[in-house]
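Here are my notes on this model, point by point. Please read them with the coordinates open.

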Amino acid sequence: YGAVLIWSNIKKELSQGYRLTTNNRMELMAVLAALEALKKNDLDLTIYSDSSYVVKAVMEGWLAKWLRTNFKGGIKNSDLWMRYHVLSQKHKIQFKWVRGHADNVMNNRCDVLATQAADGKNLLVDEGYEAGLIS
């Protein structure tokens, strides 16, 4: 995954590669890493993502339904969505979808960070994925 956090004139880049995982998990992991890097609570946040999966899950209420039904029906990535839910309670979060591989400089930077991390050494184990806990 790759993420860029911007606060006023401060910018922080985050990235990490995993040996086995999925694109959807890494898009969600980017959000988790960004939220976990924050040192303050009660922030008004805007998260820009080219992941329709992540943006729609939150903004269109899919996640709320999954939580109400305890992820009934084999909803994938429930381990990560539960982590997101806990972290999201600390902030006011809005998501905005951006077109991937287009003219959004920060989104393009995230793609570079993610690709470099995936192609690098010291790849982590996505324990949820490898243990089959994604559904």
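1. From the N terminus on, the order of elements is β-β-α-β-α-α-α-β-α-α. That comes to six helices and four strands. Keep in mind that this is a predicted model.

2. Overall dimensions come next. The C-alpha trace spans about 40 × 35 × 30 Å along its principal axes.

3. Two figures describe the packing. Of the 135 residues in the chain, 37% are buried. Among contacts with a separation of 6 or more, 71% join residues 24 or more positions apart.

4. Now the largest pocket. It holds about 1,300 Å³ of space. Its lining has 44 residues, and Ala3, Val4, Leu5, Ala30 and Ala34 lie nearest its centre. The elements giving two or more residues to this lining are strand 1 (2-7), strand 2 (10-15), helix 1 (23-37), strand 3 (44-49) and helix 5 (105-119).

5. Which element gives the largest share of the lining of the largest pocket? Helix 1 does, with eight residues. By class, the lining of this pocket counts 24 nonpolar, 13 polar and seven charged residues.

6. Check the backbone at two places. Most residues other than glycine have a negative phi. Ser8 is not a glycine, yet its phi is positive, about 55 degrees. Ser8 sits in the loop between strand 1 and strand 2. Its relative accessibility is 69%, so Ser8 counts as exposed; the cut-off is over 50%.

7. Asn77 belongs to the loop between helix 3 (62-68) and helix 4 (78-88). Is Asn77 buried or exposed? Its relative accessible area is 4%, and buried means under 20%, so Asn77 is buried.

8. One side-chain contact deserves a look. Ser88 is in helix 4. A polar atom of the Ser88 side chain lies 2.8 Å from the backbone oxygen of His85. Ser88 has 12% relative accessibility, so it counts as buried under the 20% cut-off.

9. To recap the residues: Ser8 is exposed at 69%, whereas Asn77 is buried at 4%. Ser88 is buried at 12%. For the pocket, the figures to keep are about 1,300 Å³ of space and a lining of 44 residues.

Note on methods:
Residues numbered from 1 in each chain as written. Predicted model: local features only at pLDDT ≥ 70, side-chain atom pairs only at ≥ 80, totals over all residues. Heavy atoms only, no water. 1 Å grid on protein atoms, 1.4 Å probe; cavity = no way out; pocket = protein on both sides within 12 Å on 5 of 7 lines; lining within 4 Å. Points joined across faces, edges and corners; volume = space filled by probe spheres on them. Nonpolar A, V, L, I, M, F, W, Y, C, P; charged D, E, K, R; others polar. Buried < 20%, exposed > 50% of the residue type's maximum accessible area, 1.4 Å probe, protein only. Polar contact = N/O pair within 3.5 Å; in protein donor to acceptor, adjacent residues only side chain to side chain. Contact = heavy atoms within 4.5 Å.
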